Amino acid sequence: QVQLVESGGGLVQNGGSLRLSCAASGISISSMGWYRQAPGKQRELVATITTGGSTNYADSVKGRFTISTNNAKNTMYLEMNSLKLEDTAVYYCKVVAVAGYSRWGQGTQVTVSS
């Protein structure tokens with residue numbers, strides 16, 4: 001049974017930092033990623049990373065966010081610095097299995113206040 005447990009969201013001031021975590025179990029991972037959905041908007045890609053370490057970032061977060069993994073622990077992180085009001089959203093982790101299917105986490109709220 002696949003389980004994804006997200007943590008690390010919260011309330012932070014404009015310009016602040018947060019670190020999100022996503023711990024996966026019960027799945028052989030090919031790649032992982034973070035997505036976000038703001039109120040009234042579609043879910044969008046934030047960053048992805050393969051087990052080989054290749055990364056991809058949305059232009060809006062390049063230079064501010066860093067995605068990483070601890071492959072031994074099947075855990076993915078998103079270090080978010082210089083947070084902006086427009087980063088406010090529910091952040092979801094997504095895991096793609098070697099077998100080709102994917103699973104989503106439950107989401108964690110990130111709110112950036114002025």
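How many aromatic pairs does the structure hold? It holds two, counting rings of Phe, Tyr and Trp (its six-membered ring) as a pair if their centres lie within 6.5 Å. This is a predicted model, where local features need pLDDT of at least 70 and side-chain atom pairs count only at pLDDT 80 or more, while totals for chains, interfaces and linings use all residues. Residues are numbered from 1 along each chain as its sequence is written, and side-chain values use heavy atoms, with hydrogens and water left out.

**View 1. Tyr-35 meets Trp-104.** The ring centres of Tyr-35 and Trp-104 are 5.0 Å apart and the planes stand at 70°, so this pair is edge-to-face (planes over 60 degrees apart; under 30 would be stacked, and the rest tilted). Tyr-35 belongs to strand β4 (residues 29-37) and Trp-104 to strand β10 (residues 102-104), so the pair links distant parts of the chain, 69 residues apart. Strands here are DSSP runs (E, at least two residues), numbered from the N terminus. Is Tyr-35 buried or exposed? Tyr-35 is buried, at 16% relative accessible area, whereas Trp-104 is partly exposed at 37%. Buried means under 20%, exposed over 50% and partly exposed in between, with a 1.4 Å probe and protein chains only.

**View 2. Tyr-92 joins in.** The rings of Tyr-92 and Trp-104 also make an edge-to-face pair, because their centres are 6.5 Å apart and their planes are at 85°. Tyr-92 sits in strand β9 (residues 89-97) and Trp-104 in β10, so this pair ties together parts 12 residues apart in sequence. Tyr-92 is buried, with 15% relative accessible area. Taken together, ring pairs link Tyr-35, Tyr-92 and Trp-104 into a cluster.

**View 3. Charges over rings.** The charged end of Arg-43 sits over the ring of Trp-104, 4.6 Å from its centre. Elsewhere, look for Arg-19 over the face of Tyr-77, at 4.1 Å from the ring centre. To qualify, NZ of Lys or CZ of Arg must be within 6 Å of the ring centre and within 35 degrees of the ring normal.

**View 4. The largest nonpolar core.** This core has 30 residues, and Trp-34, Leu-78, Met-80 and Tyr-91 touch the most other members. A nonpolar core is a set of buried Ala, Val, Leu, Ile, Met, Phe, Trp, Tyr and Cys residues joined through side-chain atoms within 4.5 Å. Elements giving two or more residues to the core include β3 (18-25), β5 (44-50) and β11 (108-113). Strand β9 supplies the largest share, five residues. Leaving out residues up to four places away in sequence, Tyr-91 touches several others, among them Trp-34, Tyr-35, Phe-65 and Met-80 (contact means heavy atoms within 4.5 Å).

**View 5. An open sheet of four strands.** The strands run in the order β1-β3-β8-β7, with antiparallel pairing. At the edges are β1 (3-7) and β7, each pairing on one side only. Two strands pair if DSSP finds at least two bridges between them; β3 and β8 have six, in the antiparallel sense. Ser-21 stands opposite Tyr-77 in β8.

**View 6. Ser-31 in strand β4.** Ser-31 counts as buried, at 18% relative accessibility. Setting aside residues up to four places away in sequence, Ser-31 touches Ile-49, Thr-50, Lys-94, Val-95 and Val-96.
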